[in-house]
Amino acid sequence: MEGKKGSKTLQKRIRAGTLTREDVARRLAELAFGRANDCVKLVLEEGVQIDGLDLSLLRELKRNDKGTVEVQLVDRLKALEQLALLAQGQGTDLESFLQALQGGGEEP
């Protein structure tokens with residue numbers, strides 16, 4: 001996963017609308033191949049500090065009053081499929097998405 005400096009740089013590019021194809025590919029790869037250790041730690045350990053945990057793979061976490069825990073992680077298969085399409089240069093909506101982020105989208 002990216003370090004704090006790389007993450008801040010990425011956040012700046014997102015805000016500036018200069019997100020690149022490589023940024024998207026890197027993030028998809030992180031989602032597809034990332035480790036869920038910190039997500040498991042959050043669920044299993046008592047009093048765990050959330051700061052410093054990588055919870056990027058966590059979609060949803062539910063706990064009920066009976067102690068049941070439901071954890072949903074990102075769909076790795078979907079991330080892999082999108083990464084494969086991106087690597088092959090095939091029909092993803094990435095180009096139009098990046099163009100829209102940069103303010104160059106078509107007018108409705």
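Buried means under 20% relative accessible area, exposed over 50%, and partly exposed in between, with a 1.4 Å probe and protein chains only. The model is predicted, so local features need pLDDT of at least 70 and side-chain atom pairs count only at pLDDT 80 or more, while totals for chains, interfaces and linings use all residues. Residues are numbered from 1 along each chain as its sequence is written, and side-chain values use heavy atoms, with hydrogens and water left out.

**Exercise 1.** Classify Ala36 as buried or exposed, and list its contacts outside the local sequence.

Step 1. Ala36 sits in the loop between α2 and α3. Helices (H or I, at least four residues) and strands (E, at least two) are DSSP runs, numbered from the N terminus.
Step 2. Ala36 counts as buried because its relative accessibility is 16%.
Step 3. Contact means heavy atoms within 4.5 Å. With neighbours within four places in sequence set aside, Ala36 is in contact with Leu57, Leu73 and Arg76.
Step 4. For Leu57, 21 residues from Ala36 along the chain, the C-alpha separation is 6.5 Å.

**Exercise 2.** State the pattern of helices and strands along the chain, and its share of buried residues.

Step 1. The chain has five helices and two strands.
Step 2. Along the sequence they follow the pattern α-α-α-β-β-α-α.
Step 3. Of the 108 residues in the chain, 20% are buried.
Step 4. Among contacts with a separation of 6 or more, 48% join residues 24 or more positions apart.

**Exercise 3.** Describe the packing of α2 with α4.

Step 1. Helix α4 covers residues 76–88, and its axis lies 8 Å from that of α2, at an angle of about 145°. Axes are lines fitted to C-alpha atoms, for helices over the stretch in contact, and angles run from 0 to 180 degrees between N-to-C directions.
Step 2. The contact involves Arg21, Val24, Ala25, Leu28, Ala29, Leu31, Ala32 and Phe33 of α2, and Arg76, Ala79, Leu80, Gln82, Leu83 and Leu86 of α4.
Step 3. By class, the residues of this contact are 11 nonpolar, one polar and two charged. Here Ala, Val, Leu, Ile, Met, Phe, Trp, Tyr, Cys and Pro count as nonpolar, Asp, Glu, Lys and Arg as charged, and the others, Gly among them, as polar.
Step 4. Beyond four places in sequence, Ala25 is in contact with Leu83 and Leu86.

**Exercise 4.** What surrounds Asp23?

Step 1. Asp23 belongs to helix α2, residues 21–33.
Step 2. Its relative accessibility is 4%, so Asp23 counts as buried.
Step 3. The Asp23 side chain makes a polar contact with the side chain of Arg26 at 3.2 Å. A polar contact is a pair of N or O atoms within 3.5 Å; within protein, one must be able to donate a hydrogen and the other to accept it, and residues adjacent in sequence count only if both atoms are side-chain atoms.
Step 4. Apart from neighbours within four places in sequence, Asp23 is in contact with Leu10, Arg13 and Thr18.

**Exercise 5.** Which residues of α3 are buried, and against which strands do they pack?

Step 1. In α3, residues 37–44, the buried residues are Asp38, Cys39, Leu42 and Val43.
Step 2. They lie on the same side of α3, because they cover an arc of only 140° around the axis. The arc is that of the directions from the helix axis to the C-beta atoms.
Step 3. The buried residues of α3 pack against β1 (58–63) and β2 (69–73).
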